[in-house]
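Have a look at the structure, then read on.

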Amino acid sequence: MRNRGRSNSRKRGLPLAAILSIESQFPHHSNKSADGATQPPGFTNRWNRRRVIVLIKLKTTMQNPLECTPLQIGDRVFRSRLLVGTGKFASNETMRDAVAASGTEMVTVALKRADLGIESDPFADILDYLDFDRYLVLPNTAGALNAEEAVRIARLGEAAGLPKWVKLEIHPDPNYLLPDPIETLKAAEILVREGFTVLPYINSDPVLALRLQDVGCATVMPLGSPIGSNRGLETRAQIAIIIEQARVPVIVDAGLGAPSHAAAAMELGADAVLVNTAIAIASAPSRMARSFAVAVEAGRAAFEIGLDHGQNKAEATSPLTTFLD
Amino acid sequence: MSQFSEVFAALPIDAYHRQTLDTSSSTVEGILHKGRAEDLRDFAALISPAAQGKIEELARISRARTQRHFGKVIRLFAPIYLSNECINVCKYCGFSRNNPIPRITLPVEQVVAETRKLAAQGFRSLLIVAGEHPKYVSNGYVETVVRECLPIMPSLGIELGPLETPDYRPIVDAGCEGLIAYQETYHRPTYKELHPAGPKKHYGWRMETPERAYAAGFRRLGIGALFGLYDWRYEALAVAAHARHLYRHCWKAQINISVPRMRPAAGGFQPDPAYQMSDRELVQLVCAFRLLLPHAGLVLSTREPPALRDGLVQLGITTMSAGSSTEPGGYSHFDETTWTPAEDQPGEQFHIADERSPQEVADMIRSQGYEPVWKDFDQSLVSTQQQLEKV
């Protein structure tokens, strides 16, 4: 079994000075951050121990200038409230750079794309591009058509040394990739019982969200609109109910096509958002990733401060309560 | 469930076909403005001669839609031919039973050896192809091949003579998850003329193959027409109708559409020049499919020449083969470094047009800012640990 580097040498919440001091030991690894740029030979297969070092400039922006409260999921604490997906990128190098630029601390990877065998596979090496010290690598079950398949692939990920966390996604319809609520609940029950930290991708169904919390899921991840649609918070009213009733963090997943969508979700009170397509297919993925990061921070800070939602003030021509005077 | 063959018989494909010729450019503009084709009528307009003048705009919309759903990636696969034994007479096919070509059926060990060779090139997705023959391609041969190839190839599909649902189940149970069944031509009189003998002459039974395969548990279904046998617009409308039917009735399956054009093959079949589809028309069709079927996989094989394949990477294609041999045992003669055949391939089904190696094709894809994806399926999704251990 390969060691997937599950230890986290960078503790969450380290002060900036400490981070700078750690990373200043690796000044020559800052390399290229431009989209599509390649790393020197020898980099790709060292993912299990290799840390990705980013530009000093980036480190400062990774700090949370708006001082939002950290996000706790299960037993882990995250400063960033932006989760990033790793599919659809023009290259693994572009993905690696965009993920770094986003400042995220949690990335999700489709296990079907990875090689989970003993040896690293140069033709299925997406995991080699992720720094396990820096990110919680959240395996996802994309490709599973039912609970049985999802459970099986989650177990396989764990057996291969990946974190015992799973982004549970079961979408039997390959077109809109909408999640199957029945199979998701079934799989969640099994995986929670087996000790997984389960983050289920769901349609914005408040009752399903409650049922999943009842079985012990660590979050719920309702969709804003179908995966890849970039249509934003089309399920806004339902998400508001889910947030209102939630006992676990609510992560809005899927369909967020613009930073303003992400900010809107955060202003609504979502605990985090997950973005993939809008970053992956942007003409400058790293810059777009930063744009989302800033929007997420802004939205969260505004939520924490408390927004004045304005009023549609209407004055009745004849006051209704004068009889009380 | 109503089968597509019945549904198709009642569809006004001829009327849509006529409509393509009468479409005005303002109709096309209206659909482009919407950004998608909502029905077969819209699709007919997009494959019309009038839409030819709007091909650049069509391509732009198609590219954006494809990127949203599939990302900047192209999935790669390799075909492997097990046998060119065939009892069918298909006038356009190199394997047609009366053609005097060397007939080969590979022993399982050779299939495995060739599969290893393909895996070394990068492939993690294999399409198993064979002619239709009850003596050579039967009795558990395909299941055995699937089981033996699984440890090397996480994703396996088949393109064989159609079977009944119960006969597909053992192949699915062995770990195969994709099936391709091309109708060749949806135009019934043409179908009858080109398939005079053999089980393939049953037009309706062939057309229902994807539905029977879905019932057996296949999760990827591939359909298509062989362009060049009849008017391409008619075929395109039929394929589109077929895909839409499968979306409703086989809703858990990933639907893939291939767009093969006729290539020279043994037998010397001469297609009617009136039915020839130009490069421009092929590009138009790929984009039109994308606007009607935003989630369909669109597959392009090595039948097409390099320049056209390169151009289509960004316009809607999602899946490509590369470095293919269409002869059973053909890869055994490939030089592993240069990936070129060391000798002629007289038993091939047709001659390919893009002879570049898998690495050259992958480099070409990268050079366009796309990622070549070799692995997009894991066998653990469909096989239990015990099954995998048995393998």
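What follows takes the confidence, then the overall build, then some helices and loops.

Chain A averages a pLDDT of 80, with 77% of its residues scoring at least 70. Where pLDDT is low, though, predicted coordinates should not be read in detail.

## Chain B as a whole

Chain B is built from 17 helices and nine strands. Its radius of gyration is 20 Å, close to the 21 Å that the globule rule gives for 391 residues, so chain B is as compact as a globular protein of that length. Along its principal axes, the C-alpha trace spans about 60 × 45 × 40 Å.

Inside chain B, 54% of the 391 residues count as buried. Take the contacts between residues at least 6 apart in sequence, and 77% of them join residues at least 24 apart.

## The core and the interface

The largest nonpolar core has 203 residues. Those with the most contacts inside this core are A:V273, B:L46, B:L126 and B:I128. Leaving out residues up to four places away in sequence, A:V273 touches A:L82, A:I251, A:V252, A:L256, A:A262, A:A265, A:M266 and A:V296. As a general matter, nonpolar side chains in soluble globular proteins tend to be buried together.

Where the chains meet, 26 residues of chain B are in contact with 28 residues of chain A. On the chain B side, helix α6 (residues 55-70) gives the most, with three residues. By class, that side has eight nonpolar, eight polar and ten charged residues.

Start with α16 of chain B, residues 358-367, whose buried residues are B:P358, B:V361, B:A362, B:M364 and B:I365. Seen down the axis of α16(B), these fall within an arc of 155°, so they line one face of the helix. B:D363 and B:S367 are exposed on the other side. The cover over the buried residues includes β1 (73-83), α7 (108-121), α15 (306-312), β8 (319-321) and β9 (371-373) of chain B. After the helix comes B:G369, with a positive phi near 80°.

Now for α6 of chain A, residues 206-214: here the buried residues are A:P206, A:L208, A:A209 and A:L212. Down the axis of α6(A), they fall within an arc of 160°, so they too line one face of the helix. A:V207 and A:D214 are exposed on the other side of α6(A). Among the elements covering its buried residues are α5 (181-193), β7 (197-202), β8 (221-222) and α7 (236-245) of chain A. A:G216 follows the helix, and its phi is positive, near 105°.

## Two loop residues with positive phi

Most residues other than glycine have a negative phi. A:K88 has a positive one, near 70°, and is found in the loop between β3 (82-85) and α3 (92-102) of chain A. Is A:K88 buried or exposed? With 24 C-beta neighbours inside 10 Å, A:K88 counts as buried.

A:N230 also isn't a glycine, and its phi is positive, near 55°. A:N230 sits in the loop between β8 and α7 of chain A. Since A:N230 has 19 C-beta neighbours inside 10 Å, it counts as partly exposed.

Conventions
Residues are numbered from 1 along each chain as its sequence is written. Chains are lettered from A and ligands numbered from 1 in the order in which they are written. A residue is buried if 20 or more other C-beta atoms lie within 10 Å of its own, exposed if 12 or fewer, and partly exposed in between; C-beta atoms are placed from the backbone. Helices (H or I, at least four residues) and strands (E, at least two) are DSSP runs, numbered from the N terminus. The arc is that of the directions from the helix axis to the C-beta atoms. Two residues are in contact if their C-beta atoms, placed from the backbone, lie within 7 Å. pLDDT is the predictor's confidence in each residue, from 0 to 100. The radius of gyration is taken over C-alpha atoms; the globule rule is 2.2 Å times the number of residues to the power 0.38. A nonpolar core is a set of buried Ala, Val, Leu, Ile, Met, Phe, Trp, Tyr and Cys residues joined through C-beta atoms within 7 Å. Ala, Val, Leu, Ile, Met, Phe, Trp, Tyr, Cys and Pro count as nonpolar, Asp, Glu, Lys and Arg as charged, and the others, Gly among them, as polar.
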